[in-house]
Amino acid sequence: LVLALVTLASTLRLPMYPHIEPDETHHLIVARNVAMHGVYGSGMPVIGFRPFDDYDSVGPTVLLPVAASILCLGNPFHAGRLAMAVFYLALTAIAFIFLAQTVSANTAAFGAAFMLLAPGSLYLARTLYGEAPALMYLLAALIVWGRALNSARPLMLCIFAGALFGCALVTKYFLVLAAWPALGMWLFDYLTHRRIRVVHALLPAGVALCVLGSWGAVTSIFGPHGSETAEGHLAMYQHNLLFGLDPLRDTLGWLAQHWIAAVLFLCLGLVSASQMAMFTAYNPAWLFIALFGLFNTSANHPRYLWYSLAIGAMFAGVVCANGFRMMKVVPSSGRWIGFALSALMIMLVLWDSFPRFRAMLTADEMHDEQELVYTLTHDYAGKKIATTFYPVERIANVFAELPLTRVSAKDKWTDFDVIVLDQTSQSNLIAPWVPVKSIGRYAIIEPAKGQR
């Protein structure tokens, strides 16, 4: 039932919701080029390719399956988003398995279902980003690693776990920050239970770094940018390697707008998971993922904070299910307390999630982009087209492989037949030109028709 609901939520009206953003278009372009042109890079045949583009922050562990989907289904936009829905469905199933190793199947189902109700989950289930697949690989690695802890012959399991950890790192380099929660887990284990042996720690870490290093070597050798790729990603994420109050202050403003998720998922979910993992029934894998969620609450970007929200939601679902379970195990005088609190939790979470699901069912956030591409390819076929708004350049590429030139206000617009502007953020550029057509937020100008 949970998988069926997740499938519906992640696939209904995919071409219409949500709005496509520049990062997603870039990832789709790379996957499309792999499928249709055999090139792992951005660009298109008319203007040339940029192999192993250092802008791309999603690894081949996602883009190659997406490319396979495009190869089979054809349309890069539809096929790419459908592949991501499959990734999120796999994440839900793996989250269930991860929880079901410790709690009952019904409780695990609650936890897996709650993940979809975390802010950002519905969006990431329907768009081409690396966060959901990275968490999927991470949880799968922890499942295998947990079995290695309980095995008399852990060697192969540790190697397999390390390979999955490596896939998570290649998917999103950001997950290198998991080294800090791993250190905290090892320190707690060393001071208490001492279940983690040298082979459990060093072998998976070594294999994971080999996987990451191999992909880094490929991009450095075959990409035109050499070591700049690694340096670029280090510059992108280095602020998260530091401790301080600035990231936390930035996060608090966003969480104030999502206080239900902050209280139920970050506070109740993560804190209860840490308590259960350390003191109720010691579970190193649970402790690691809980510490990982707590550590990422200082993320500077809401999309990276999603890791904490999704993990916290997963454990909040466990707490909610345990509240309902009190009906069977607690004396009659107190059994209704847990039931009432769990029912209240569900109502709050559904109320918080309702706007997102309503938009998914009713909003058409892709109408302007699709009509713009149709207009450019049909009404202005063969014309010289430029744009002042770089997302339009990528949209035209991914939907039609239509080359657009990016221009600024200082360039000579009369050298082009058509100029596309964004009326929302670039209204100051329209005057003294007269748009010949407006499509939602986009204005089309034909410089040859002159100015006011």
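Tutor: A residue is buried under 20% relative accessible area, exposed over 50%, and partly exposed in between (1.4 Å probe, protein chains only). The model is predicted: local features need pLDDT of at least 70, side-chain atom pairs count only at pLDDT 80 or more, and totals for chains, interfaces and linings use all residues. Residues are numbered from 1 along each chain as its sequence is written, and side-chain values use heavy atoms, with hydrogens and water left out.

Student: Why is R406 called partly exposed?
Tutor: Its relative accessibility is 49%. Exposed starts over 50% and buried ends under 20%, so the value falls in between. The label is partly exposed.

Student: How do you know that E393 and R406 form a salt bridge?
Tutor: The rule asks for a side-chain nitrogen of Lys or Arg within 4 Å of a carboxyl oxygen of Asp or Glu. Here the N to O distance is 2.9 Å. The pair qualifies.

Student: What does that pair tie together?
Tutor: E393 lies in helix α18 and R406 in strand β4, so the contact links parts that are 13 residues apart in sequence. Helices (H or I, at least four residues) and strands (E, at least two) are DSSP runs, numbered from the N terminus. E393 has a relative accessible area of 22%, which makes it partly exposed.

Student: How many salt bridges does the rule give?
Tutor: The count is 6. One of them joins R356 and D352 at 3.7 Å, N to O. Both lie in helix α16 (residues 335-362), 4 residues apart, about one turn of the helix. An α-helix has 3.6 residues a turn, so residues three or four places apart point the same way.

Student: Are R356 and D352 buried or exposed?
Tutor: R356 comes out at 19% and is buried. D352, at 16%, is buried as well.

Student: Which labels do D53 and R50 get?
Tutor: Their side chains meet in a salt bridge at 3.2 Å, N to O. D53 is buried at 11%. R50 is partly exposed at 37%.

Student: What makes β3 and β5 a pair?
Tutor: Two strands pair if DSSP finds at least two bridges between them. β3 (residues 385-387) and β5 (residues 418-422) share 3 bridges, in the parallel sense. T387 has V420 as its bridge partner, and A386 stands opposite I419. β5 also pairs with β7, in the antiparallel sense, over 4 bridges. There V420 stands opposite I444.

Student: What makes β5 count as mostly covered?
Tutor: 5 of its 5 residues are buried. V418, V420 and D422 cover one side, I419 and L421 the other.

Student: Why are β4 and β6 called edge strands?
Tutor: The open sheet runs β4-β3-β5-β7-β6, with mixed pairing. β4 (405-406) and β6 (437-439) each have a single partner strand, so one side of each lacks a neighbour in the sheet.

Student: How do you know that helix α17 packs on this sheet?
Tutor: Contact means heavy atoms within 4.5 Å. α17 (residues 367-378) touches β3, β5, β6 and β7 (442-445).

Student: Why is N33 called buried?
Tutor: Its relative accessibility is 0%. The cut-off is under 20%, so the label holds. N33 lies in helix α2 (residues 22-37). Leaving aside neighbours within four places in sequence, its contacts include G38, V39 and F49.

Student: Where does Y55 lie, and what does it touch?
Tutor: Y55 sits in the loop between β2 (48-51) and α3 (60-73). At 34% it is partly exposed. Not counting residues up to four places away in sequence, Y55 touches D23, H26 and R394.

Terms used: Axes fitted to C-alpha atoms, helices over the stretch in contact; angles between N-to-C directions.
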